[in-house]
Amino acid sequence: MKKRVTLTFPRRAVQMPVTYRLAKDFNVATNIIRAQVAPNQVGKLVVELLGDIDEMDAAIEWMRSQDITVSLASREILIDEESCVDCGLCTGVCPTQALILDPDTYQLKFTRSRCVVCEQCIPACPVQAISTNF
Amino acid sequence: MLRTVAEINEKIQQQKAVVLTVEELKARVQEVGVTQTTQEVDVITTGTFEPMESTGAIFNLGHTDPPIKIRQCWLEGVPAYAGLGAVDLYLGATVMAEYGGLGDAEESRLNTVLPERGGGHVIEDLIAGKPVQLRALGQVTDCYPRPSFETTITRDTINQFYLFNPRNLYQNFIVGVNGGDRTLYTYLGPLYPRLGNAVYSNPGAISPLFNDPQLEIIGIGTKIFLGGGIGYITWEGTQHFPLQKRLPNETPIGPAATLAVIGDAKQMTPQWVRGCYFKNYGASIMLGVGVPLPVLNEQVVAHAAIQDQDIVAPVVDFSIPRRVRPTFGLVSYAHLKSGQIKIDGQMVRTAPLASIRLSRQVALELKQWISLGQFTLTEPVAPIPGDRTFLPQDRWGSQRASE
């Protein structure tokens with residue numbers, strides 16, 4: 001199964017090769033959606049974990065034992081369909097084509113699994129129909 | 001002439017008129033050709049839904065007791081123009097709360113005014129029937145002794161309330177890109193550096209004025225769909241530039257004709273009148289406008305059969321903020337709608353700014369009105385001029401000084 005989580009690393013854990021450990025010890029594949037990591041700073045990773053449910057739970061438990069904060073409620077982009085006018089301006093700034101206009105109906109389509117929550121669409125929207133849930 | 005407007009109106013009243021949206025018409029012409037389509041169809045409906053900055057509302061407040069001659073006025077902190085009759089006001093779509101001041105003793109209220117709101121949002125609220133706070137300062141005279149007035153208004157507590165838009169319905173526009181190295185915040189939304197994206201703002205071949213390229217069948221007095229209510233074309237729009245270069249199919253290669261329109265805002269609905277805001281640029285308004293084209297002869301159908309691949313717009317670089325900006329040449333609307341265009345060998349993502357979905361819906365709604373006999377057509381009372389140049393504004397005498 002797949003699970004999207006946000007990992008917050010204390011400064012000392014930044015040195016640890018976490019994605020390697022997840023793969024090697026727990027057989028969990030980690031797809032990095034977004035990362036903000038620098039030496040001697042608190043790091044943040046938004047990742048999609050893919051693996052067996054028990055192994056994934058064990059992996060999350062292990063990360064928590066290493067003082068990594070694992071948040072299951074990850075930040076998401078929300079589209080208010082009542083406000084949206086389907087102008088499509090956001091589709092031009094979306095780097096992953098999570099936001100596209102349907103080629104037939106020209107209705108805005110949001111594919112959550114493609115979204116990297118870069119939030120560039122939020123200020124681009126002229127009718128303030130896009131927000132995050134945080 | 002095959003049909004007259006009077007004959008079409010007779011059919012509309014009997015609910016026997018054959019009405020096609022402009023997209024249905026284009027498809028029909030592909031199938032059976034211009035001649036047969038002309039025989040079959042009485043009316044073509046076109047529509048657009050896009051930001052139209054040069055939009056504003058005129059309203060009459062009604063007289064207070066004792067009366068006031070309003071000289072300064074704010075609606076939800078957004079200034080309205082008061083240099084008309086005592087309680088006549090004009091609220092432009094692009095005025096913003098933070099510019100123009102709020103008058104004295106407004107400090108505390110200033111904090112509650114959202115800077116991302118402007119005249120367009122206030123117009124939308126009034127049309128939606130929401131209460132709007134009004135504050136006015138008057139010039140004290142013997143006729144009008146009251147110095148100030150504060151109240152809350154709605155669309156039902158004011159007299160006339162109509163949109164009078166000096167420039168709507170641009171016939172074609174530009175495509176904005178940014179060849180510079182920092183993000184630009186424009187009236188086309190954010191333009192990313194190094195040709196990061198391209199924005200086009202006209203919905204293309206379905207847009208009303210692309211389908212009557214020389215404004216032969218519409219003119220002053222033409223009845224239209226405006227913001228969900230009935231409106232009329234009143235004049236040429238500001239910056240009306242019919243002499244723009246044109247392709248052999250008579251469509252212009254850049255911004256050309258524009259129209260001034262008017263319509264009763266009390267009939268309008270917030271679905272078709274939406275305040276909007278472009279980050280670091282300012283407030284504006286998105287409007288749904290629909291224009292019916294009577295099928296008087298074959299030429300009307302031939303013009304309206306135009307497709308996205310037959311019309312073009314110039315790709316303009318916003319990184320040089322001058323009156324004449326450099327362009328990367330022309331691109332067809334078919335390419336723009338494909339989602340990417342090639343500029344200087346680089347693939348660039350395109351995004352529209354007009355809502356193509358809602359533009360289609362305007363045409364559909366107007367089709368429904370006509371089919372049900374609720375909307376008849378008018379003949380223009382005067383043509384829109386076809387010979388206007390587009391003057392730049394330079395300092396008086398600057399040409400002589402540089403010689």
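User: On what basis are the values given?
Analyst: Residues are numbered from 1 along each chain as written, and chains are lettered from A and ligands numbered from 1 in written order. The model is predicted, with local features needing pLDDT of at least 70, side-chain atom pairs pLDDT 80 or more, and totals for chains, interfaces and linings using all residues, while side-chain values use heavy atoms, without hydrogens or water.

User: How many residues of H4(B) are buried?
Analyst: H4(B) spans residues 119-127 and is mostly covered. Its buried residues (under 20% relative accessible area, 1.4 Å probe, protein chains only) include His121(B), Glu124(B) and Asp125(B), besides Val122(B), Ile123(B), Leu126(B) and Ile127(B). The count is nine of nine.

User: Which residues touch the most other members of the largest nonpolar core?
Analyst: A core joins buried Ala, Val, Leu, Ile, Met, Phe, Trp, Tyr and Cys through side-chain atoms within 4.5 Å. The largest has 127 residues. Another core, of 19 residues, lies apart from it, with Leu7(A) and Val28(A) among them. In the largest core, the residues asked for are Ile70(B), Leu75(B), Ile153(B) and Leu259(B).

User: Which residues lie closest to the centre of the largest pocket?
Analyst: The largest pocket has a volume of about 1200 Å³. Its lining holds 38 residues, and S2, S9, S19 and S20 of chain B each give two or more. Closest to the centre are Tyr170(B), Phe173(B), Ile174(B), Tyr187(B) and Pro255(B).

User: Which element gives the most to the lining of the second largest pocket?
Analyst: This pocket holds about 340 Å³ of space. Among its 19 lining residues, Leu101(A), Lys337(B), Ser338(B), Gly339(B) and Thr350(B) are the closest to the centre. Two or more residues come from strand S6 (99-101) of chain A, and likewise from helix H6 (333-337) and strand S22 (346-352) of chain B. With four residues, the element that gives the most is S22(B).

Conventions
Buried < 20%, exposed > 50% of the residue type's maximum accessible area, 1.4 Å probe, protein only. 1 Å grid on protein atoms, 1.4 Å probe; cavity = no way out; pocket = protein on both sides within 12 Å on 5 of 7 lines; lining within 4 Å. Points joined across faces, edges and corners; volume = space filled by probe spheres on them.
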